[in-house]
Amino acid sequence: MEQIFDLAIIGGGPGGYVAAERAGAEGLNVVLFERKSLGGVCLNEGCIPTKTLLYSAKVYNYAKDGDHYGVYTENPTFKYDEIVARKNKVVKKLVAGVKAAMKANKVTVVDQQAVIEGRGKDGITIKAGEESYTAKNLLICAGSEAAVPPFPGLKEAGDVIVTNREILALEEQPKELVVIGGGVIGMEFAAFYSTLGTKVTVVEMLPKILGPLDDEISAMLQKQYEKKGIQFCLKCKVTGIEGNTVVYEDPEGNTQRVSGDKILVSVGRRANLQGYGLENLGVEFALNPAGRPYGIKVDEHMRTNIPGVYAAGDVTGFSMLAHTASREGEVAVNNILGKKDHMRYNAIPGVVYTNPEVAGTGITEEEAKKQGIDYKVVKLPMAYSGRFVAENERGEGICKIIVGAKYHEVLGVHMMGNPCSEIINAACIAIEQEMTLEQLKEVVFPHPTVSEIIKETAFTIR
Ligand code: NAI
């Protein structure tokens with residue numbers, strides 16, 4: 001007799017595999033479809049490989065700057081192929097870990113492209129390879145892919161053009177790299193390659209890098225990387241590609257050109273909405289102001305318009321971050337299990353793993369202004385943290401807290417300085433728990449840690 005699953009999940013990225021793990025642990029009978037590799041973009045061609053590369057760059061930096069700490073190394077150097085090989089080893093290890101987690105939670109993994117066929121009498125039917133599967137519930141975590149605009153000359157440029165996927169597979173370090181789009185992907189690759197000595201130019205349409213980031217922090221980070229040799233062309237619109245040259249219009253309207261042996265296109269990502277039968281169920285899409293679909297439409301319980309069908313992660317086109325995807329997947333599973341849970345987006349952390357790192361959560365000062373919120377800002381240089389000074393000889397950094405003007409409730413926290421990626425979660429908890437600065441002041445932070453900067457900053461409120 002054909003097996004009927006409680007839950008079918010399409011996509012094995014951090015949305016899908018975390019949901020499968022949680023659902024399996026709760027006793028649901030789960031089938032997970034992943035056509036490429038468990039872990040999805042995050043583990044195979046995103047978060048994990050880039051952080052592994054960036055860590056090698058950081059170690060190289062430490063070796064070069066050891067003298068600032070009284071440590072001398074002679075002619076520190078690196079082997080690009082070994083850096084890449086280590087990255088591949090880390091990815092392989094973690095993919096195996098996800099596989100083991102699926103097994104431990106009795107999840108059936110199908111390594112085929114899944115296509116939704118429709119709803120039968122026992123549930124939703126899905127075809128994968130030669131087999132058909134039926135499930136009472138469906139969670140769509142089909143992810144996203146790099147958006148590559150049809151710049152004139154792009155196709156002719158061939159493999160000079162790379163996205164986050166191809167750049168990770170490069171066997172040789174580019175001597176010159178042009179990055180189109182100074183967002184998160186663009187800046188992390190710019191940081192990695194410039195640290196290894198590649199000449200990097202970032203061409204960005206907006207007047208700042210890392211658009212949604214706090215303005216002050218964005219400018220500080222840009223200055224640090226200018227010092228390290230990255231050239232930034234801001235307010236510059238790419239108009240075409242000529243072989244290995246990017247053609248763009250500068251702020252004065254003049255045509256300019258910049259060449260590289262590789263050109264990274266990192267201008268955003270697009271939800272995967274086609275090729276797996278969404279139309280067979282009539283799943284509704286969310287539309288942008290121009291009326292174009294940008295993701296699967298979901299409510300705060302991650303439910304689509306079709307009963308029993310949920311979506312989580314990049315496929316919703318909303319907050320394209322691995323940790324958002326995982327939480328959205330958990331919300332969907334909890335709702336399937338009949339537990340009360342809903343998605344909240346006001347304390348999602350965002351981190352850019354440059355060196356120094358930047359991290360933020362909640363609203364920025366710019367957003368507070370835009371939303372007409374009566375707010376106050378308190379801020380301190382990171383140098384107010386003893387631990388930060390001990391570990392960052394030439395480091396510059398800042399901690400900024402945005403609070404409501406009347407009750408001092410924490411609305412946003414934004415930081416630059418290592419290791420703020422590991423600290424920002426304290427701010428997420430403060431926002432999630434609707435804490436005020438006065439309550440935050442009462443929390444005991446370990447000393448000496450860089451995290452104390454949050455508490456120190458809280459004490460500067462007037
Ligand atoms: P993004 O949206 O972060 O940045 C794209 C940038 O390209 C924007 O600054 C935009 O103004 C610029 N741009 C767009 N068209 C352009 C043009 N024609 N010429 C010049 N500039 C142009 O997108 P990105 O960096 O591709 O990242 C995609 C997604 O992946 C994001 O949602 C991001 O959150 C996620 N991601 C997150 C990471 C993290 O959390 N550390 C790391 C990498 C990616």
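Guide: Domain 1 and domain 3 bury about 720 Å² between them, and carbon and sulfur atoms account for 52% of this area. Buried area is the accessible area, taken with a 1.4 Å probe, that two parts lose on being put together, summed over both. The model is predicted, so local features need pLDDT of at least 70 and side-chain atom pairs count only at pLDDT 80 or more, while totals for chains, interfaces and linings use all residues. Residues are numbered from 1 along each chain as its sequence is written, and side-chain values use heavy atoms, with hydrogens and water left out.

The domain assignment gives domain 1 as 4-146 + 270-336, domain 2 as 155-267 and domain 3 as 350-458; such bounds come from an automatic or database assignment. The C-alpha centres of domain 1 and domain 3 are 29 Å apart. Six residues of domain 1 are in contact with nine of domain 3, contact meaning heavy atoms within 4.5 Å. Of the area that domain 1 buries against domain 3, Lys-58, His-68 and Tyr-69 supply 60%, more than any other three residues.

Next comes helix α3, residues 47-64. Helices (H or I, at least four residues) and strands (E, at least two) are DSSP runs, numbered from the N terminus. The axes of α3 and α4 (residues 80-104) come within 9 Å and cross at roughly 140 degrees. Axes are lines fitted to C-alpha atoms, for helices over the stretch in contact, and angles run from 0 to 180 degrees between N-to-C directions. The two helices are therefore oblique to each other: under 35 degrees counts as roughly parallel, over 145 as roughly antiparallel, 65 to 115 as roughly perpendicular, and the rest as oblique.

The crossing of α3 and α4 is right-handed, whereas that of α3 and α6 is left-handed. A crossing is left-handed if the near helix is turned anticlockwise from the far one by less than a right angle, and right-handed if clockwise. The axes of α3 and α6 (residues 184-195) come within 9 Å and cross at roughly 40 degrees. Among the α3 residues that meet α6 are Leu-53, Leu-54 and Ala-57, and the α6 side includes Phe-189 and Phe-192. This contact divides into seven nonpolar, three polar and three charged residues. Ala, Val, Leu, Ile, Met, Phe, Trp, Tyr, Cys and Pro count as nonpolar, Asp, Glu, Lys and Arg as charged, and the others, Gly among them, as polar.

Asn-75 is in the loop between α3 and α4, and its phi is near 40 degrees, a positive value in a residue other than glycine.
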